[in-house]
Amino acid sequence: MSGRDLFCQPRRFGRGAALTLVFASVLAAGAATGSFEESGRKPAPPSGRSVTAGHEEDVADAAAEAMADGKSPVEAAERAVSRSGDRWGAVYSEGEYEEFEEALDGQYTGVGLWARRERDGRIEVTRVQSGSPAQAAGIRKGDRLRSVDGRRVDGRPVTEVVSLLRGDATDASEGTAVALGLERGTRAWSETLRRARLSTDSVTVRELPGGITVIKVASFPKGSGDLVRSAVDRAPAGAGVVLDLRGNSGGLVTEAVTAASAFLDGGLVATYDVNGDQRALHADPGGDTTRPLVALVDGGTMSAAELLTGALQDRGRAVVVGSRTFGKGSVQMPSRLPDGSVAELTVGHYRTPSGRSVDGRGLAPDLEVEESALERAETILSGLGDPASPTS
């Protein structure tokens, strides 16, 4: 993620890495567990500052001094990042960063569960990945997850449940066991699963009555942009598309640009700066510019997903429906620390084609809808009413 070119797929530093608009570390953990459907704990708002080379040196020096003193270089680096004022800065251990890169490569170690926290604090399974250990154990959508390795999960943030499922505290690997306490109706039981290497299911497609295609993009790992383009190509001719970016925690910006290219015939997607150097991202020519399109967003839509939303909105290509997006428009550059850990430091920000800043502000939808957003999107696409008019 640093060294070569901007917004490319992250690679090991020994081979050169590429810069990305990275989703926050707390969300990266969720994307690599089988995902989750609510953003849980959110990082503090960004400060709007860019980190200079001097800050990078300060962080590296702090880690090196801690190593020499027999202390934790990761903790020392975290303190240095905090002092720098870079609220989007993060420090990963070497193992954590490898998992992060694997998630962006479309792979993760987990059991294949999607979950969310209900209003009463219960953790409910919302989807089970095909071919996963969870599916093999007979776990179903709607089951309640009560405990992980003996720890009760009711009331916990989804991100903490994700961490337990992954075994982050012990750097659990493929093949390690995890005990789940489950409930279905009046039945309560336990299952012991073994974590497996699974592919992220970042793009799912379904067709609604009337031919409307719903393309749900949970994040932007490697290959997700092409999956969006393929889904658009396979959609019924002339029928509308709902691009569901709700809860999308971001990922590789190159993939978001590829997704934008499915709906645009070239042209500007975003501009960005890296330590004051102004650059631009452009869509490929040949996208479908006539198909009706609605983009769904919410407070969990962030980073690369906001970049895509801003492009479609500013270019007049989509009606954006939902609630204001998260507001992460900063660019991070990773640097390797002396002990092998990695510091992600902010070096710049991006803007939409019309010049709007996203960082700390988010994007306002064209139509504010808190509930039944998909139903409103169907109404817009079917032409049954003015998108600004109230529903009956």
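The model is a predicted one. Side chains of opposite charge can pair when their charged atoms come close, and here the count comes to 15 salt bridges.

**Helices H7 and H8**
- Let's start with helix H7 (residues 224-234) and helix H8 (residues 253-261), whose axes come within 7 Å and cross at roughly 15°.
- Because angles under 35 degrees count as roughly parallel, H7 is roughly parallel to H8.
- The crossing of H7 and H8 is right-handed.
- H7 brings Ser224, Gly225, Asp226, Val228 and Arg229 to the contact, while H8 brings Glu255, Thr258, Ala259 and Ser261.
- By class, this contact of H7 with H8 has 2 nonpolar, 4 polar and 3 charged residues.

**From H7 to a loop**
- Arg229 also forms a salt bridge with Asp284 (3.8 Å, N to O).
- This pair links distant parts of the chain, 55 residues apart: Arg229 sits in helix H7, and Asp284 in the loop between strand S16 (277-282) and strand S17 (293-297).
- Arg229 is partly exposed at 24% relative accessible area, and Asp284 is partly exposed at 39%.

**A salt-bridge network**
- Arg144, Arg146, Arg152, Asp154 and Glu183 are linked in a network of salt bridges.
- Arg144 belongs to strand S7 (residues 144-148), and Asp154 to the loop between strand S8 (151-152) and helix H6 (158-166).
- Arg144 is buried, with 15% relative accessibility, whereas Asp154 is partly exposed at 27%.

**One more pair**
- Arg122 and Asp120 meet in a salt bridge (3.0 Å, N to O).
- Arg122 is partly exposed at 33% relative accessibility, and Asp120 is exposed at 53%.

How values were computed:
Residues numbered from 1 in each chain as written. Predicted model: local features only at pLDDT ≥ 70, side-chain atom pairs only at ≥ 80, totals over all residues. Heavy atoms only, no water. Axes fitted to C-alpha atoms, helices over the stretch in contact; angles between N-to-C directions. Helix = DSSP H or I, 4+ residues; strand = E, 2+ residues; numbered from the N terminus. Parallel < 35°, antiparallel > 145°, perpendicular 65-115°, else oblique. Left-handed = near helix turned anticlockwise from the far one by under 90°. Contact = heavy atoms within 4.5 Å. Nonpolar A, V, L, I, M, F, W, Y, C, P; charged D, E, K, R; others polar. Salt bridge = Lys/Arg side-chain N within 4 Å of Asp/Glu carboxyl O. Buried < 20%, exposed > 50% of the residue type's maximum accessible area, 1.4 Å probe, protein only.
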